[in-house]
Amino acid sequence: MTKWQRRFILLIMFNIILIVSFFTFLLMTPPTSDQLPESSYIEERGARFKVETTKQDLNELINTYIDDVLKTDQANFDVIVDDNVKLIGELFAFGVPIPLNVTMDPVVMENGDLVLKMNELSLGLLNLPRGRILHYINRQVETPDWLYFDSENEQIYIAVTSIEVESNIRFKVESLDLSTDVIVFTFNVPSGSTANITPSE
């Protein structure tokens, strides 16, 4: 056996040890959930209007801002909104990229927030407990204060009504039916907020 072959075998063994250690860590770490917000929405006085969009437009919007929303050097994600919501990408464990594939079903809450329930979730070729994988993703990714990982219930809670928009505009999800491509948001402009809106020249 040549010196190059020995180094190659040692490298493979080292990578295998790292990957096994990573999956062992996943299996031994109990999943914990973020503290979810109160499911309430305060209707403020002001102008209210609805905006209807499509899956294509929603895809473009999400993937334009996803790098700003999910800040991490340990992962790379793309979101695809089709008949369901897919999160496709890879996580890096000890510098080794591991494919990640998540399929979620969106559920609109009564207050206008959104819950993404895990339907399928795989990391690499192994079918590991979804709650533990979600817990690990939560530890690796810095998220905004309106996005919550509920690992114990295998879902992601998006507090849409808590997202801050310029000029105090608030919005909520009115309906989201991906099978018929009907996606409707309700926007509320509180009284007095229009004074902060600067008209374009």
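Q: What makes residues 55–69 count as helix α2, and which strands does this helix lie across?
A: In this predicted model, a helix is a DSSP run of H or I with at least four residues, and a strand is a run of E with at least two, both numbered from the N terminus; residues 55–69 are therefore named α2 under that rule. Helix α2 lies across β2 and β6, and runs at about 165 degrees to β2, where axes are lines fitted to C-alpha atoms (for helices over the stretch in contact) and angles run from 0 to 180 degrees between N-to-C directions.

Q: Which strands does helix α3 lie across?
A: Helix α3 (residues 130–140) lies across β2, β3 (85–93), β4, β5, β6 and β7 (155–158), and its angle to β5 is about 105 degrees.

Q: What is the order of the strands in the open sheet, and which are its edge strands?
A: The six strands are ordered β2-β3-β4-β5-β7-β6, with antiparallel pairing. The edge strands are β2 (75–81) and β6 (147–150), each of which pairs on one side only, and the twist from one strand to the next averages 25 degrees.

Q: Why is Pro37 called partly exposed?
A: Buried means under 20% relative accessible area and exposed over 50%, with partly exposed in between (1.4 Å probe, protein chains only); Pro37 has 22%, so it is classed as partly exposed. Pro37 lies in the loop between α1 and β1 (46–53), and it touches Tyr148, Tyr157 and Ala159, not counting residues up to four places away in sequence, a contact being heavy atoms within 4.5 Å.

Q: Where is confidence lowest, and where is it highest?
A: By pLDDT, the predictor's confidence in each residue from 0 to 100, helix α1 (residues 3–28) is lowest with a mean of 67, whereas β7 is highest at 92. Over residues 195–201 the pLDDT is below 50, and this stretch has three contacts in the model beyond near neighbours in sequence.

Q: How are residues numbered, and what limits apply to the values?
A: Residues are numbered from 1 along each chain as its sequence is written. Local features need pLDDT of at least 70 and side-chain atom pairs 80 or more, while totals for chains, interfaces and linings use all residues, and side-chain values use heavy atoms, leaving out hydrogens and water.

Conventions
Pairing = 2+ DSSP bridges.
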